[in-house]
Amino acid sequence: MPLSGDLLRLADSVLFPGFAGHTPPDWLRRRLGDGLAGVVLFSRNLADPAQVARLTAALRAENPSVLVGTDEESGEVTRLEVATGSSRPGGYALGVVDDVDLTEALARDLGGDLAAAGITLDFAPSADVNSNPDNPVIGLRAFGADPALVSRHTRAFVRGLQSAGVAACAKHFPGHGDTSVDSHHGVPVVSDDGIEDALLPFREAIKEGVKAVMTGHLLVPSYDAELPATLSPKVLTGLLREELGFQGMIITDGIEMAAVAGAYGIGGASARAIAAGADAICVGGERADEATAAGIRDAIATAVTQGLLPEERLADAARRVRELASWAASSGRRPPRDGTVGLVAARRAIRITRRSAAPVLPLTSPAYVVELAPEMNLAIDRKTPWGVGEPLARLLPDTVVRRLAAGDSTGPALERLLGESAGRPLVVVVRDVHRHAWQEQALRHLLSARPDAVVVEMGLPARSDLGAVHIATYGSAQVCGQAAAEVLTGKV
C-alpha cells in the first residue's frame, strides 16, 4: 500500500537528519521544502563562522522555520571550534570552579556564537551526574559527580544559553553518568539505587524552562526492565512527561547507535521512539545519507498505517517541534561576545599539587613535552586539537613535543624520549590516566627516570601525587592547555 504524501510529510516533520558537506545537498533542499523539521550539523559541515552562517541561511531559504541543531557543549565536545579546539572549558571545569554566574556567562557567550551562526538548538548541557569515574563517554562532559552541583550548573547553563535565543537541550535523560558502557556500542544499565540522583538535574532543568530534553539509550530497570529509555513509554511518557511534567520537545540521541538500532534497525527504532513519547529523531552522526533519512521517514509512516504508531501521537510530536521552532524564530537575542570568559574559567579551574621542595616551576627554558594520547569516544571529534605542548611552545620557543598513542609507548620508545629530554624540563601530559593501563605504565616508566617531571592531567584526576608538580586542568580543550602553559611558565 503506497504511503500518502500527507503522512510522509508528517513523518518528516519530526526528523532531524545529518548530511555531508559544507552546503546543503539537493536531497536535503527538497525535503526541507516539503516540511522536514530540522537538521543536525556535525563538524564535517562546519569550516568557519562565515561558512556556517551561509549554510544555515541556505537551509532557511528552503524552510524558514527549520530548526538547526548541533552538539556544542564547549570543552571536549565542540563543533564550532573543532579545527582549533574550544575557547571555553567543558562542564567539569565549570563544576570545579563552582561559580554559577560564571557558568551562566559562559553559556550566554556560547549562545551568542551559535545564534550568530544561525544555530537555534544546542544539544547541551550534559545534565549527567558522573558518579562513575570509569564512565567511558561522559566524564569531563558532566559538571561533576555531585547531584546538587550538577543541578545548579545545569540550570545556569540553560539560563545563559536560552537568554541568547538558543534552545538548550538537557541530556542524556534519565542520566548517563552512572554507567560503564558507551551507548554507541551497547546498552548501558542505570542502577536502581542511583536513579533519583541522576534525575535531579533534569528536574531542575525543567524548572528552569529548558526547551528540549535528549533521551539516552539507557536501560533503567526500576522503570522499565526491557526497553532502553529512548524506546520506553514508561520512561518517556510516564516518567518524563507525567511525573516530571516536561512539556517541551523530546529528541532522541543518535538513533543509529547500537543500543537501540541493533535490535530494531534505524527505522524501527525511530518509529518505536515516537510511539514511546519522543517528538524528534536525531540521526546522522554515523549515517548521513539520503537513503537513511528516507528510510526513517518511510518507517515512521508505515508504522502509522500498521497501527504500531497512532497518528495522533505523531501529530502531537510534530506540534511540539513546531512550537520550539516558533520560539526559536521569535527569540532573536544575540548578546555581545565576551572573548575572555572561557580563559577566565579555564584559569580558575586549574588545581596544582606541589610535591617537591625544589623550585620546579616556573619553567624558564625550552621544555620537553610528552603527551600520552588515548583513543577517545565517538562523541569527541578525533580531529579536535588538544594538549599542552603547542601553547607551551608559544611561550617557550624551541620546546619539543612528542605524542604517543597506546601502541607507541613501548619501553624502547620511552627510553628514547628520556634520552632526548636530557637537560630539559620534562612535562608529561596524560588524559584520564586512571582508565588506561598503558598510560599508567608509561607514566611510571618516565617518572622512575625523571622524578623532577611535571605531570599535567587533562582528564579526570584520580590522584594528584604524580610528578614533582601535578597540574589538573579538568579539561583538554584548547583553552585548558593554554591555562596550563601559563601555570608552567608563570606567565598568567
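Asp279 counts as buried, because its relative accessibility is 0%. This value, like the others here, is computed from a predicted model. Asp279 forms a salt bridge with Arg320, and the closest N and O atoms of the two are 3.9 Å apart. Arg320 belongs to helix H11, whereas Asp279 sits in the loop between helix H9 (258–276) and strand E8 (281–282), so the bridge ties together parts that are 41 residues apart in sequence. Arg320 also counts as buried, because its relative accessibility is 10%.

**Helix H11**

Helix H11 covers residues 311–331, which makes 21 residues. At 1.5 Å a residue the helix should span 30 Å, and its end C-alpha atoms are 30 Å apart, so the two values agree. The buried residues of H11 include Leu314, Val321, Leu324 and Trp327, as well as Arg313 and Arg320.

A second salt bridge lies inside this helix. Arg313 and Asp316 both belong to H11 and are 3 residues apart, about one turn of the helix. The closest N and O atoms of Arg313 and Asp316 are 3.1 Å apart. Is Arg313 buried or exposed? With 15% relative accessibility, Arg313 counts as buried, whereas Asp316, at 22%, counts as partly exposed.

**Salt bridges elsewhere**

Side chains of opposite charge can pair when their charged atoms come close. The count for the model comes to 37 salt bridges. One of them joins Asp71 and Lys171. This pair links distant parts of the chain, 100 residues apart: Asp71 is in the loop between strand E3 (67–70) and helix H4 (91–97), and Lys171 is in strand E5 (residues 167–173). Both Asp71 and Lys171 are buried. There is also a network of salt bridges, which links Glu104, Arg108, Arg155, Arg159, Glu204, Lys207 and Glu208.

The table lists the pairs described so far.

| Salt bridge | Closest N and O atoms |
|---|---|
| Asp71 and Lys171 | 2.8 Å |
| Arg313 and Asp316 | 3.1 Å |
| Arg320 and Asp279 | 3.9 Å |

**The second largest pocket**

Rolling a probe the size of a water molecule over the atoms shows where empty space is left. The second largest pocket holds about 280 Å³ of space. It is lined by 18 residues, of which Asp48, Pro49, Leu80, Glu81 and Asp113 are the closest to its centre. Helix H3 (49–62) and helix H5 (100–116) each supply at least two residues of the lining. The largest share, 3 residues, comes from H5. By type, the lining of this pocket has 10 nonpolar, 1 polar and 7 charged residues.

Ser270 is in helix H9. Its relative accessible area is 0%, so Ser270 is buried. Leaving out residues up to four places away in sequence, Ser270 touches Ile255, Ile281, Ile296 and Ile300.

**Backbone details**

Which peptide bond is cis with omega near 0°? It is the bond from Lys171 to His172, and His172 is found in strand E5. The bond from Ala124 to Pro125 is cis too, with omega near 10°. Pro125 lies in the loop between strand E4 (121–122) and helix H6 (147–163).

Asp398 is a residue other than glycine with a positive phi, near 80°. Asp398 is in the loop between helix H13 (389–395) and strand E11 (400–404), and it counts as exposed because its relative accessibility is 63%. Tyr474, which is not a glycine either, has a positive phi of about 60°. Tyr474 is in the loop between strand E14 (469–472) and helix H16 (478–489), and with a relative accessible area of 16% it is buried.

How values were computed: Residues numbered from 1 in each chain as written. Predicted model: local features only at pLDDT ≥ 70, side-chain atom pairs only at ≥ 80, totals over all residues. Heavy atoms only, no water. Helix = DSSP H or I, 4+ residues; strand = E, 2+ residues; numbered from the N terminus. Expected span 1.5 Å × (residues − 1). Buried < 20%, exposed > 50% of the residue type's maximum accessible area, 1.4 Å probe, protein only. 1 Å grid on protein atoms, 1.4 Å probe; cavity = no way out; pocket = protein on both sides within 12 Å on 5 of 7 lines; lining within 4 Å. Points joined across faces, edges and corners; volume = space filled by probe spheres on them. Nonpolar A, V, L, I, M, F, W, Y, C, P; charged D, E, K, R; others polar. Salt bridge = Lys/Arg side-chain N within 4 Å of Asp/Glu carboxyl O. Contact = heavy atoms within 4.5 Å.
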